[in-house]
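This report covers aromatic ring contacts and the residues that take part in them. Please look over the entry below before reading on.

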Amino acid sequence: MKKQSVLTIAAAGVCSMSLLLSACGGSGDSAGSADAKGGSDTMVSVFNPEPANPLIPSMTNEVGGGNPIDILFSKLVRFDSKGKPRNEIAKEIKANADNTQYTVTIKDGWKFSDGTPVTSQSFTKAWSWASNVNNKQLGSGFFSNIKGYGDLQKEGVAGDAQLAGLKVVDDKTFTVDLSEPSSTFPIQVGYTAFAPLPESFYKDTKAFGQKPVTVGPYKFKSWEHNKALTLVKDTNYKGGVVVKNGGVEFRAYTDPTAAYRDVQSGHLDVLDTVPTSARKTFQSDSSVQAINEPGSVIQMFTIPTYMKHFGEDQEGKLRRRAISMAIDRDLIIKKVLSGTGVEVHDFTSPAIPGYAKNLPGSDVLKYNPKKAKELWAEADKISPWTQADTFKMAYNADGSHKETYDAVANSIKNTLNINAAGNPLPTFNEFRSNVQGRKFTDSAFRSGWQPDYPSPESYLKSNFDSSAADGNGSNDGDYKNPEFDQLMVKAASAKSLDEANKIYQQSEEILFKDLPAVPLYYMNSNGVAGKDVKGFSFTWKNTPDYASLSK
Amino acid sequence: MGKYLLRRILQMIPVVLGTTLLIYALVFALPGDPVAAMFGDKPVNQAVAAQIRSEYNLDKPFIVQYVLFLKNALTLNFGNTFAGQPVVSVIGRAFPVTVKLALMAFVFEGVFGVIFGIIGGLTKGKWSDNVILVLSLLLISVPTFVTGFILQYLFGVKWHVLPATAGANPGFMDLLMPAVVLGSVSMASIIRLTRTEITSNISEDYVRTARAKGMSNRQVILRHVLRNSLIPVVTYLGADIGGLMGGAMITERIFNIQGVGNTLFQAILRGEGTLVVSIVTILVMIFVICSLVVDMLYAVLDPRIRYA
């Protein structure tokens, strides 16, 4: 998913920013305590920004469309509330010896809401269609590791061209050839873009985008643009999600503050974010029930390797560590964030399988003014930092980041006795243009990450691998470390997810030394629900567990 | 009269052309790349981005984009939004709600503004005048969003008298509070305006003459004082219709009304030039037509004014 999104939406209520958050993964098994007799047919209403795109899985990369699409379309796997993958449509996803080929078998009996069966082709054709450049899919990049993807990016490619790496064996079996080994492929296919599509989709994709034929715990009922998108429980659903309500009404809001008022007055059931205005009060507000728990979003700021004094040499490493240790994160979480964040211990998040708290070297993320001063002085011996230099951190002013970055700057200023300041840009759009154009040569910049799938790989490889640098990915600081890259390759060829996670943890030890980005805090999942709502909980990806809601 | 009308209508053409060009240039000048922003901070698939740019003509120079827009607009084809919906249908959904809201606010400010203004003007210096003075000054000095949040909290959340937000298909009760909020500042201005006009007109010579002729007080007030006092009020109200529609942005956000203001705001953030220009063009035309209607109304209120 996109970096930064959550805060922007939540806090500023600037809803175009909702473009930034993609949704992925599946609804979890929730242990919500809906009572057996009441509630199973009631509709629940939830806050949702108006979907920015048609309801086509591979076209959607923001929460507004991602939330409904996720419960409309089952994928090969789904994720439980802890982020653990479970087979959903897949019976088995089997890797070959070096994780470059997967054989997928799907279960019998799955049908789309128009009655047609789910077959191997429902997947292979959908993935090929999404990869085809002519179809202009924003999520096409998700298929880039499948063999033949490059051929579908060329001009003049046929409309029905198929990915060379996908081979249908029979109605229930197909194989996937990857360009590079990947141990996390069986997790990646849980992302919304990998949903199967029915034959009817290709006849009229436009009509489908307004009124999709689905294959999930819910089916489509109606979509009144800018008003509400209504889904109802699909009684033919065969998967593992337990649905405790009769349907979900996604109400269009542009400003979470208005939605908060509606929850308070009983007109809306669930709001999955907290407006800045209520940040201090929502947990003690007696008119709502509140959740505030660690989520999967990490907030950092990237110090680009092309920034003066902060290159990949000895001086840069010393300064990065000094900056990190000069920040009093606890104070910022308490005073500025009012406890809506948690202290940071690594580069992933506590909501993800594979997270570990006390990795060697992680003390660089702890406030240590004495050590910070020593490191900074040592760096000054290599090349002095003068009074004319200012350590700047860029952020988008349309989110609510000003307070945080003012506090971070103050902390650095007071500890190291240097000039430090926030560097606000008016809009997220402009901010990202500067990042993408590598314009921040004298300034660090805000970065954050919400994972596409629950694996450390989604955080680490996307943000710090050399292959994602130089505009080819989200490694916007152009950090390159062959040792780190090697571990990414090793993890990708690992025999099991547990083994891969161990390797990812090793790779983080390198990051603690190099600090390509400075982690600040894990952002909490938080939100409010009406007093009469039951089963209000959040999934690993910070969205409400829609299926478990009831009244 | 007919000639005058024709001339005024012809004048609209350069006004609309000029404003659309200006707005188009401003949107074009906004920093940031709307297509790259669609990918969020995902790596941008350049091949896909190029296709999207050519679909929306974003790869062409500014003036070509503008001419293409005009050409399409003449055939009433305003194109699609980035979300793939026809601009016409987006506007078709947004305007009715805002028109409803603006009309309610308009009636509210017109009726209450004039009534309280008359009361104030006729009871100059008495306690009722003072109370109205203080209240209207208060409304003028407090920004709309403060009034909005306070009323929303009190009536919507605390006392449950009115819905806190307008909801999907707002009816009269749903829009009552937003309309009052939207119209409150203008209402206060109308109170001040009416009161001042009345107090000054009431001491004019022609009023004394009318009274000397033996006209009843009621007739003097209604036929002479009020009629003359309302000319500037009508001007104000006419100019305010456009203001209410365009200025509903803040009110619409507070009460989650999916109208013109909200749509425009989001279109600007997304850098959707065609949508912004289309909406603004319609707003400009409403402004121009309203001011024409106001000028026509002058002739009705003031027999001395004749158009030729």
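Which residues do ring pairs link into a cluster? The cluster consists of A:F301, A:F310, A:W376, A:W385, A:F391, A:Y395 and A:Y405. The model discussed here is predicted.

## Domains of chain A

Chain A has two assigned domains: domain 1 spans 2-231, and domain 2 spans 295-524. Taken over C-alpha atoms, the centres of domain 1 of chain A and domain 2 of chain A are 31 Å apart.

## Aromatic pairs

Over all chains, the structure contains 41 aromatic pairs. One of them joins A:W127 and A:F143, with ring centres 6.3 Å apart and planes at 35°, so the pair is tilted. A:W127 belongs to helix α3 (residues 120-131) of chain A, while A:F143 sits in the loop between α3 and β6 (166-170) of chain A; the pair therefore ties together parts 16 residues apart in sequence. A:W127 is buried at 0% relative accessibility, and A:F143 is buried with a relative accessible area of 0%.

In chain B, the rings of B:Y24 and B:F69 have centres 5.5 Å apart and planes at 55°, so this pair is tilted. B:Y24 lies in helix α1 (residues 2-29) of chain B and B:F69 in helix α4 (residues 62-74) of chain B, so the pair ties together parts 45 residues apart in sequence. Both B:Y24 and B:F69 are buried.

## Charges over rings

A:K125 is placed over the face of A:Y202, 4.8 Å from the ring centre. A:W376, a member of the cluster, has A:R319 over its face at 4.5 Å from the ring centre.

Terms used: Residues are numbered from 1 along each chain as its sequence is written. Chains are lettered from A and ligands numbered from 1 in the order in which they are written. This is a predicted model: local features need pLDDT of at least 70, side-chain atom pairs count only at pLDDT 80 or more; totals for chains, interfaces and linings use all residues. Side-chain values use heavy atoms; hydrogens and water are left out. Domain bounds come from an automatic or database domain assignment. Rings of Phe, Tyr and Trp (its six-membered ring) pair if their centres lie within 6.5 Å; planes under 30 degrees apart count as stacked, over 60 as edge-to-face and the rest as tilted. Helices (H or I, at least four residues) and strands (E, at least two) are DSSP runs, numbered from the N terminus. Buried means under 20% relative accessible area, exposed over 50%, partly exposed in between (1.4 Å probe, protein chains only). A charge sits over a ring if NZ of Lys or CZ of Arg is within 6 Å of the ring centre and within 35 degrees of the ring normal.
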